[in-house]
Every structure is written in C-alpha cells, then in structure tokens.
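Good morning, colleagues. Please look at the display.

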Amino acid sequence: MTTSATESGLLITHARLATLGEEPALVEDGALLIEDGRLAALGATAELTARHPDAERWDAAGQLVFPASICAHTHFYGAFARGMAVPGEPAANFPQILERLWWRLDKALTLDDVRYSALVCLIDAIRHGTTTLIDHHASPNAIEGSLDVIAEAVQEAGLRASLCYEVTDRDGPERAQAGIAENVRFAKKLAGSGSQLAASFGLHASLTLSDETLVACVAAAEGLGLGFHVHVAEDRADQEDALRRSGKRVVHRLCDAGILGPRTIAVHCVHVCDDEIDVLAETGTWVTHQPRSNMNNGVGVAPVGPMLRMGVNLGLGNDGFSNQMFAEMKAAYLVHKLAQGDPRAMPGDVVMNLAYANNARLARVFWPELTLGELSEGAAADLIFLDYQPTTPLTVGNLPWHLLFGFEASAVTATICAGRVLMRDRRLLTLDEEAITARSRELAAEVWQRVGEQ
Ligand SMILES: [Zn+2]
C-alpha cells in the first residue's frame, strides 16, 4: 500500500458512501476511484471494479465513507495551553483571559514551539478526519519565518491549510510592523504556487488595533489578493473599545477601514447588532461560529439564526479546540436551543450545512478550483472512513441526526487528503506521532516554565 494513488488510480470498494453535496445520496456497496488527488468516479462496487481492473484496490469493508471535515478558524499555536496552570487569580472575564493566558502563552513561543504546536494539532486533525484548516497564528517573540515553520508542518502532514499572522498593537509598533511583514512575505512566497497551502492577512481584533495600523495593513495587503482574518465582537469589550476609539461599532469601524469583503473572515461576531449584520451580509464577509470557545470563555451566543436569515456567509470553526468537527457541530446544535429556550433553534440540517456546504464555499476563497465537503466527480479526494454501524435506519434525510447523536470522531479509521492516504486503520502514515508527542511534552513544559517567569 502506497500513500498516494498510483497511475491507474486507487479504487475504494465496498463502502457505504454518504455523498452530501447538492444531490446527497447514500450508496450501499459503493466505490470511489481516486486519480490525481480528485474523485474520478463514484458508483456501485461491481460496476467500478469491472471498469477499472488495473486500479489499486482498498476494501472499505462496509465502513461509511464521508467527506473530510473543514475547520473555518483555528489556532495551532494554542496547543500547549492544554493543562497549563495560568498564574494568578482565575480570569473573571474575556479581557483577563487574553491577558493572563493567551498573551502570556504566545510570548513564550519559539519557532521550535510553533512547529510542534502545529504538528500536534495536525496529528489531531488527521486522527479525527479534518483535512482543511484555516489557521490564525501569534508568536510575538518569533514572528519572522513563523508561517514558514507552520507551512512545513502542514506539508509534512499532507493536509491543507490557510495561514496568517495576527497583527496587533499590543506588543508595540515594531512587532506590529513585523506582523505585517510576515503576512506579506508569506503571501508573496506562496503566490501562484497552487499548493495545499494558502494565505490570508491576519489581524487580532479591533480592540488591539489602532486606526493607523489598520491603514498600514490595508496598504500592505493591496495587490496581494488577500482577504483579512480577524476576530470581531467576540466579547462586549471589543464593542466598548471600538465605540470609545472611533464612535463606531466594531463592524462599522472595520468596514470603514476597508477590512471587510467576500475574502475576509470575521471570527465570532457574538455581539453584533442588526445594522452590523446588514453590513456583513452586504459586503459578503465570511463569519465563523465557534460555539465551544464561546461557551468556554463565557462571552455569549452568536446570533447565528439572524445572520443566516439576513444572508450572511457563515461557516464553522473550532478556535483551537480539538480538530473534531463533529464535536463542534454537536455544540452548535445544542447551545442555541439552551440559549433561546427553544428546541427548534438550530436544526440538525442547518448545522450540517454550516460544516460542509458553507465551509466548502469558504475554502474556495483560498482554493478556488476545489470542490470540498462532498463526494462527487471532480471533487477533491478529501474523505474519511468511519466505523459506524447505525442502530436505527440511516437515510439521506436523517443523516444529520445520525451525525449529531451517533458519530464520534474516534470512529474515524482512515483519512485521505488530496488523494493521499494520511491515516489507514488508525495508523498515521505521514507523521511520527510518538516522537512528535514526546517532543511536544518537553517543549510545552519549557513554555509553561517561561510563562510562569513572565
Ligand atoms: Zn480565534
């Protein structure tokens, strides 16, 4: 077994295919032909084996074959926070969480930490079937070259990722400049490479960005074809700051600065008013929803229902939580019901739509040629095998509820990205999990030490 499809292709047989896409179907005893990183044919096993006798075979033995997950917003750099004791009193609000946890952790990262922090997230992503990730990076004492280090890890893993560096004024003008330069340098390096890597222009959030820095970022991004990737109104503090600074609410401030548009990602948008939702919809700006993070930080519940009704482009991210998008979907399904006291809120098919159709559309901002989030002829060969034996009838119509109440990411036994097999029978083929995990533990302990000494 090689890790990539041979010349005559890789034929997956005896699978239960869940295609998703515009004409979703469940194909029993189905087969898939992978050629050149794409799905070349789908159909019945008997038919495809007869048509492609020379293709390398892989018997899925009745497993569910499903499109791989896409994560619309994450932070590889946050991996070492797992289990870290945060010095001082427990944070009582979101600004304190930033100051006491994240702005200490990111300052303690070296380029080697950045590499291993990314690698452990990429292992997690492969294990749990997420092949496309949109990352937002910060390491204020190791800015230059940090995106290259992450890019190398992504290439080693064999996944797809869009990367950016978060520009902020919180560490002084020199580091703000260095952040701008890193975004520009990386985007220019990638330009036209057509690889599994892509770039956006990272900004932290309105509350740590002056008008002058926003102007500098817009000027630097000009001509590079980049959208921005910025946290928006995650907490009330962002709105209070924007009103104090500019007399405008966050979305209006960013819109006036030229930050919004169909290539820009506005992360969270928990505290946006109807006027701001209108602006997000009119500008075609992407909003991403991260319910696990919002619950963890106690910042509130994003108005996802109103945003969807008003035509906002909306995807689902994880904000650095585990790369098990099934877990994020479950959180999204539950939190709106609780918050609104209404079990009709956030139906299962809407959650599925965010995670697959919408996230796939967002991925096209970075990979315009690719069809992701579905199994169809010509789509990217990004898929997973799930060892899932339904205990009730499984149909196209009730698939979202099987996913929400039945699927566990631990049932993923194989992960394929761009036709390359990254995990087979739960064994990783591109990354040395044991060695990476051992090194990550050592580096994380050193990072914690430095965080304690700050
Ligand atoms: Zn975030």
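Predicted model: local features only at pLDDT ≥ 70, side-chain atom pairs only at ≥ 80, totals over all residues.

Let us begin with W367. Its relative accessibility is 6%, and W367 therefore counts as buried, the limit being under 20%.

I turn now to the aromatic rings in general. A pair of such rings is described by two quantities, the distance of the centres and the angle of the planes. How many aromatic pairs does a search of the whole structure find? The search finds nine.

One of them is formed by Y333 and F405. Their ring centres lie 5.6 Å apart, with 90 degrees between the planes, and the pair is edge-to-face. Where in the chain do Y333 and F405 sit? Y333 belongs to helix α12, residues 325-340, while F405 belongs to helix α14, residues 399-405. The two residues are 72 residues apart, and the pair links distant parts of the chain.

Are Y333 and F405 buried or exposed? Y333 is buried, with a relative accessible area of 12%. F405, by contrast, has a relative accessibility of 60% and counts as exposed, since that value is over 50%.

Let me now widen the view to the chain as a whole. The protein chain contains 15 helices and 18 strands. Along its principal axes, the C-alpha trace spans about 70 × 45 × 45 Å. Why may we speak of agreement with a compact globule? For 454 residues, such a globule would have a radius of gyration near 22 Å, and the chain has 22 Å, so the two agree.

Of the 454 residues, 59% count as buried. Among contacts with a separation of 6 or more, 76% come from residues 24 or more positions apart.

Finally, the surface and the charges. The chain exposes about 17,700 Å², of which carbon and sulfur atoms supply 50%. There are 37 positive and 58 negative side chains, and the centres of these two sets lie 2 Å apart.

That concludes my presentation. Thank you for your attention.

Methods: Residues numbered from 1 in each chain as written. Heavy atoms only, no water. Helix = DSSP H or I, 4+ residues; strand = E, 2+ residues; numbered from the N terminus. Rg over C-alpha atoms; globule rule 2.2 N^0.38 Å. Buried < 20%, exposed > 50% of the residue type's maximum accessible area, 1.4 Å probe, protein only. Contact = heavy atoms within 4.5 Å. Areas by Shrake-Rupley, 256 points an atom, 1.4 Å probe, with all protein chains shown as cover. Lys, Arg positive; Asp, Glu negative; His and termini not counted. Charge placed at Lys NZ, Arg CZ, Asp CG, Glu CD. Phe/Tyr/Trp six-rings, centres within 6.5 Å; stacked < 30°, edge-to-face > 60°.
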